[in-house]
Every structure is written in C-alpha cells, then in structure tokens.
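Please keep the sequence and the structure in view while reading.

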Amino acid sequence: MVKIYECPACHNKGIKVEINKGYKVVTTGRPMKDFPSVVLCTVCKRKIKYDVVKDEK
C-alpha cells in the first residue's frame with residue numbers, strides 16, 4: 001500500500017512510499033549514509049533518503 005509521509009526538508013506531505021502493513025518509514029535519526037533507499041519529494045523535488053523498518057507497536 002502507498003503511504004504519504006512528511007518530507008524532512010520542506011515539512012510538507014510529499015513523500016510517497018509503497019510499504020507493507022506493519023512497517024514504517026524512517027527518514028531521520030541516523031547518518032545519511034546509513035539509509036539504503038532514495039525517493040523524490042513531490043513538493044520540493046529533493047532526493048530524500050529513507051529506510052523501511054518493522055513497526056513495533
């Protein structure tokens with residue numbers, strides 16, 4: 001399913017990522033070199049690095 005997340009650069013809802021249920025997207029909190037995937041923000045047109053991790057709720 002496609003989820004929409006807030007861009008850490010422009011703070012708008014511009015990052016669209018397709019993930020499975022039970023997972024979440026992480027875009028901050030680690031050095032940029034540790035994020036394996038890249039997506040283009042639809043609002044500010046910047047490349048944003050992210051990682052998909054299991055949601056532990």
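Is N12 buried, exposed or partly exposed, and what is its relative accessible area? N12 is partly exposed, with a relative accessible area of 36%. The model is predicted, and the values that follow are computed from it.

**The loop between strand 1 and strand 2**

- N12 belongs to the loop between strand 1 and strand 2, and, setting aside neighbours within four places in sequence, N12 is in contact with Y5, E6, C7 and V43.
- H11 is found in the loop between strand 1 (2-6) and strand 2 (13-18), and H11 counts as exposed at 53% relative accessibility.
- The phi of H11 is near 60°, a positive value in a residue other than glycine; most residues other than glycine have a negative phi.

**The loop between strand 4 and strand 5**

- V43, one of the contacts of N12, lies in the loop between strand 4 and strand 5 and is partly exposed, with a relative accessible area of 42%.
- Not counting residues up to four places away in sequence, V43 touches C10, N12, K13 and G14.
- V43 and P31 are 12 residues apart in sequence, and their C-alpha atoms are 23 Å apart in space.
- K45 is placed in the loop between strand 4 and strand 5, and K45 counts as exposed because its relative accessibility is 57%, where exposed means over 50%.
- The phi of K45 is near 65°, again a positive value in a residue other than glycine.

**The nonpolar core**

- The largest nonpolar core has 10 residues in all, namely Y5, C7, I15, V17, I19, V25, V39, C41, I48 and Y50, and the elements that give two or more residues to this core are strand 2 and strand 5.
- I48, one of the core residues, touches C7, P8, A9, I15, T27, S37, V38, V39 and C41, when residues up to four places away in sequence are not counted.
- C41, which also belongs to this core, is buried, with a relative accessible area of 1%.
- T27, one of the residues that I48 touches, lies in the loop between strand 3 and strand 4 and is buried, with a relative accessible area of 17%.
- Leaving aside its neighbours within four places in sequence, T27 is in contact with P8, F35, I48, K49 and Y50.

**Cysteine pairs**

- How many disulfides does a search of the whole structure find? The search finds 0 disulfides, although a disulfide would be a covalent bond between the sulfur atoms of two cysteines.

**Charged side chains and rings**

- The count of salt bridges comes to 1: R30 forms a salt bridge with D51, with the closest N and O atoms 3.0 Å apart.
- R30 lies in the loop between strand 3 (23-26) and strand 4 (37-40) and D51 lies in strand 5, so this pair ties together parts that are 21 residues apart in sequence.
- Within the pair, R30 counts as partly exposed at 35% relative accessibility, whereas D51 is buried, with a relative accessible area of 16%.
- K54 lies over the face of Y23, at 5.3 Å from the ring centre, while the count of aromatic pairs comes to 0.

- K47 is placed in strand 5 (residues 47-54) and is exposed, with a relative accessible area of 70%.
- K47 touches V38, V39 and L40, not counting residues up to four places away in sequence.
- The C-alpha atoms of K47 and Y5 are separated by 14 Å, and the two residues are 42 residues apart along the chain.

Conventions
Residues are numbered from 1 along each chain as its sequence is written. This is a predicted model: local features need pLDDT of at least 70, side-chain atom pairs count only at pLDDT 80 or more; totals for chains, interfaces and linings use all residues. Side-chain values use heavy atoms; hydrogens and water are left out. Helices (H or I, at least four residues) and strands (E, at least two) are DSSP runs, numbered from the N terminus. Buried means under 20% relative accessible area, exposed over 50%, partly exposed in between (1.4 Å probe, protein chains only). Contact means heavy atoms within 4.5 Å. A salt bridge is a side-chain nitrogen of Lys or Arg within 4 Å of a carboxyl oxygen of Asp or Glu. A disulfide is a pair of cysteine sulfur atoms within 2.5 Å. Rings of Phe, Tyr and Trp (its six-membered ring) pair if their centres lie within 6.5 Å; planes under 30 degrees apart count as stacked, over 60 as edge-to-face and the rest as tilted. A charge sits over a ring if NZ of Lys or CZ of Arg is within 6 Å of the ring centre and within 35 degrees of the ring normal. A nonpolar core is a set of buried Ala, Val, Leu, Ile, Met, Phe, Trp, Tyr and Cys residues joined through side-chain atoms within 4.5 Å.
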